[in-house]
Amino acid sequence: MKETELFSKNSMYVLRGVSMLLIILHHINHHADIAFGIAILGRLLDELGYLSTGVFFLLSGYGLTVSINKNQPITLSYCTKRLFRIFYTFLYAYVFCLVGLWILGADVTLLDILIDISTLSMPFSPTWFLKTIFCVYVVYFMISYYVKQPEKQLMILFGIFAVYYIIAYNTLPYYYYVSFFNFLLGSLMVYGYSYISNKRNVILFLATICFVIFFYLRLTTLCSLTFSCLSVLAFSVYSFNNRFLQYVGIHSLIFYLGQFLPLTMDQYIKLGTVPYFIATYVITFVVAISFGYVMKLYKKA
């Protein structure tokens, strides 16, 4: 493996792919004990869920900041196009999941559907990550639309995050607030790109040491920040090219949303641990692949 550039697209898609498969594994373990009662393995699967989510926040912060900087001044059409891309992906996964649950005999009313769609919720699932990242995008777009200086944009964004963190701390489940500072970290890394790139090995070493310490002390927010940082740097030290993981990484949003049908169907169909594990990944891939096929037909039309 050869050394690659910081935030290389191929390596970052692989990282996104690995993170998404770990998130799905984390969710499966919450529905079926694939840790088989082994405490250490169970905790590892639990921790990998929120840590991998933090990686997505960091990469989103970096990617969106680069995009906003390239498209100054920000227009309303730019903002709506990015948000609509998230929404129609959600809508496809929602309809797919809804049809599957109806076939299984789930009782979903029209009111339930309207509430779900208006709140970006999959049936019987909170989809907290989707809500959070969508709201972060909206806030960042609004700031960037009215404030043109990048430094002021980040200062305002940090202030909003800090206020939310204080309000949400211990009043919401930890995953609603523990990872989103990674978004800000990703944005900051855009402006420190040259320094980080030149010192990546040193920063990777320090981030790894800090992560171990924070993990031992159970400082979840700092754990998430350092893990995301070391993950990006580790995947930037050497080039990782894997077409399967890149595919998952490129289409990570539909994979995230596609998992909710198999994760919800355990209320109606009881499977053993291994069949349930296999069924979750298979159905998730079916949702993702079918979505790609529908998008191709839409673009040709």
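Of the 301 residues in this protein, 51% count as buried, where buried means under 20% relative accessible area, exposed means over 50%, and partly exposed is in between (1.4 Å probe, protein chains only). Keep in mind that this is a predicted model, in which local features need pLDDT of at least 70 and side-chain atom pairs count only at pLDDT 80 or more, while totals for chains, interfaces and linings use all residues. Residues are numbered from 1 along each chain as its sequence is written, and side-chain values use heavy atoms, with hydrogens and water left out.

Now for the overall build. The protein has 14 helices and 0 strands; these are DSSP runs numbered from the N terminus, with helices being H or I of at least four residues and strands being E of at least two. The radius of gyration is 20 Å, close to the 19 Å that the globule rule gives for 301 residues, so the protein is as compact as a globular protein of that length. That radius is taken over C-alpha atoms, and the globule rule is 2.2 Å times the number of residues to the power 0.38. Along the principal axes, the C-alpha atoms fill a box of roughly 55 × 50 × 40 Å. Among contacts between residues at least 6 apart in sequence, 75% join residues at least 24 apart, with contact meaning heavy atoms within 4.5 Å.

Let's look at one helix pair. Two packed helices are described by the angle between their axes and the distance between the axes. The axes of α6 (residues 150-168) and α7 (residues 181-191) come within 10 Å and cross at roughly 165°. Axes here are lines fitted to C-alpha atoms, for helices over the stretch in contact, and angles run from 0 to 180 degrees between N-to-C directions. α6 and α7 are therefore roughly antiparallel to each other (under 35 degrees counts as roughly parallel, over 145 as roughly antiparallel, 65 to 115 as roughly perpendicular and the rest as oblique). On the α6 side, the residues that meet α7 are P150, L154, L157, F158, F161, A162 and Y165; their partners in α7 are F181, F183, L184, S187, L188 and Y191. The residues of this contact divide into 12 nonpolar, 1 polar and no charged.

Next, two buried spots. S52 lies in helix α2 (residues 39-70) and is buried, at a relative accessible area of 1%. Beyond its neighbours within four places in sequence, S52 is in contact with S19, L22, I23 and F227. P262 sits in helix α13 (residues 260-264), where it is buried at 0% relative accessible area. Leaving aside neighbours within four places in sequence, P262 touches Y276, A279, T280, I283 and T284.

Most residues other than glycine have a negative phi, and most peptide bonds are trans. The peptide bond from Q72 to P73, though, is cis, with omega near -5°, and P73 lies in the loop between α2 and α3 (76-104). N170, in the loop between α6 and α7, has a positive phi near 65° and counts as exposed at 62% relative accessibility. R218 has a positive phi too, about 60°; R218 is found in the loop between α9 (200-217) and α10 (220-237) and is partly exposed, at 47%.

Methods: Nonpolar A, V, L, I, M, F, W, Y, C, P; charged D, E, K, R; others polar.
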